[in-house]
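Good morning, colleagues. I shall then go through salt bridges, helix contacts and a few individual positions.

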Amino acid sequence: MKLIIVRHGETNANKNNRFYGGMDAPLNEEGIKQAQEAAKLLENYDYDVIVTAPLRRTKSTAEIININGKEIVLDGIFVERKSSCSLAGKPLDSIDYKLFWNYDANSNCGYDDMEKMQDFVNRIKEGIDKIKEKYKDKKVLLVSSRGTYRALYVLKNGVPNGGDLSSIDFANGSIEEFEF
């Protein structure tokens, strides 16, 4: 199955290097422009349906890129890694980002309500399996986050040496194809 993934456009949290995870942040002006640019690039892609996490930043991106009027399906399984509310809005450099995105750490980074990295990857795998079953003969475009991209990277390429996923980047408005 071919999956086209698009990262949502920029939010103010992205712009200010703040942690927000599952918080529901809207696109800023730059994010709207990035989604519009992605829409132009997607004119050359063939897809049947758009699946998106049900957050404002992902839904808005999906609506902007949907110039061909494809069905948009909201699926909560693709939300960003579930994280502690106490991290919301904190500067990224105030948390141990490498530990947070380390697959092998087998911890919740000291926050009781943090989704463990392995659990996050397994959740995204469940979502991909669901897409493969439901849309087996279709090409799917997924609008989601950098974290979801990192989980997809692990599913496609395996865990990098040392488990560190923090350097695997996927810029706002970026497009990439995966074959599953």
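Let me begin with a definition: a salt bridge here is a side-chain nitrogen of Lys or Arg within 4 Å of a carboxyl oxygen of Asp or Glu. By that criterion, the structure holds 8 salt bridges. Please keep in mind that this is a predicted model, in which local features need pLDDT of at least 70 and side-chain atom pairs count only at pLDDT 80 or more, while totals for chains, interfaces and linings use all residues. Residues are numbered from 1 along each chain as its sequence is written, and side-chain values use heavy atoms, with hydrogens and water left out.

I will take three of these pairs in turn. Aspartate 75 sits in the loop between strand S3 (71–74) and helix H4 (97–100), and lysine 130 in helix H5 (residues 117–134), so the bridge ties together parts that are 55 residues apart in sequence. Helices (H or I, at least four residues) and strands (E, at least two) are DSSP runs, numbered from the N terminus. Are the two partners buried or exposed? Aspartate 75 is buried, at a relative accessible area of 10%, whereas lysine 130 is partly exposed, at 42%. For these terms, buried means under 20% relative accessible area, exposed over 50%, and partly exposed in between, with a 1.4 Å probe and protein chains only.

The next pair is aspartate 164 with lysine 98, whose closest N and O atoms are 3.3 Å apart. Aspartate 164 belongs to the loop between helix H6 (146–157) and strand S5 (175–179), and lysine 98 to helix H4, so this pair ties together parts that are 66 residues apart in sequence. Lysine 98 counts as exposed, with 52% relative accessibility.

Lysine 125 and aspartate 129 form a salt bridge, their closest N and O atoms being 2.9 Å apart. The two residues are 4 residues apart in helix H5, and are therefore separated by about one helical turn. Lysine 125 is partly exposed, with a relative accessible area of 37%, and aspartate 129 is also partly exposed, at 32%.

I turn now to helix packing. Axes are lines fitted to C-alpha atoms, for helices over the stretch in contact, and angles run from 0 to 180 degrees between N-to-C directions. Helix H2 (residues 29–42) and helix H3 (residues 56–65) have axes that come within 8 Å and cross at roughly 40 degrees. H2 is therefore oblique to H3; in this scheme, angles under 35 degrees count as roughly parallel, over 145 as roughly antiparallel, 65 to 115 as roughly perpendicular and the rest as oblique. From H2, the contact uses Ile32, Ala35, Gln36, Ala38, Ala39 and Leu42, and from H3, Thr61, Ile64 and Ile65, where contact means heavy atoms within 4.5 Å. Sorted by class, this contact has 7 nonpolar, 2 polar and no charged residues. Ala, Val, Leu, Ile, Met, Phe, Trp, Tyr, Cys and Pro count as nonpolar, Asp, Glu, Lys and Arg as charged, and the others, Gly among them, as polar.

How do H5 and H6 lie, and at roughly what angle do they cross? Their axes come within 9 Å and cross at roughly 80 degrees, and the two helices are therefore roughly perpendicular to each other. On the H5 side are Phe120, Val121, Ile124, Lys125 and Ile128, which meet Gly147, Thr148, Ala151, Leu152, Val154 and Leu155 in H6. By class, the contact comprises 8 nonpolar, 2 polar and 1 charged residues.

Finally, some individual positions. Valine 6 is in strand S1 (residues 2–7) and counts as buried, at 0% relative accessibility. Residues that valine 6 touches, not counting those up to four places away in sequence, include Ala38, Leu42, Thr61 and Ile65.

Asparagine 17 has a positive phi of about 50 degrees although it is not a glycine. Asparagine 17 is placed in the loop between helix H1 (12–15) and H2 and counts as partly exposed, at 48% relative accessibility.

Lysine 138 lies in the loop between H5 and strand S4 (140–144). Thank you for your attention.
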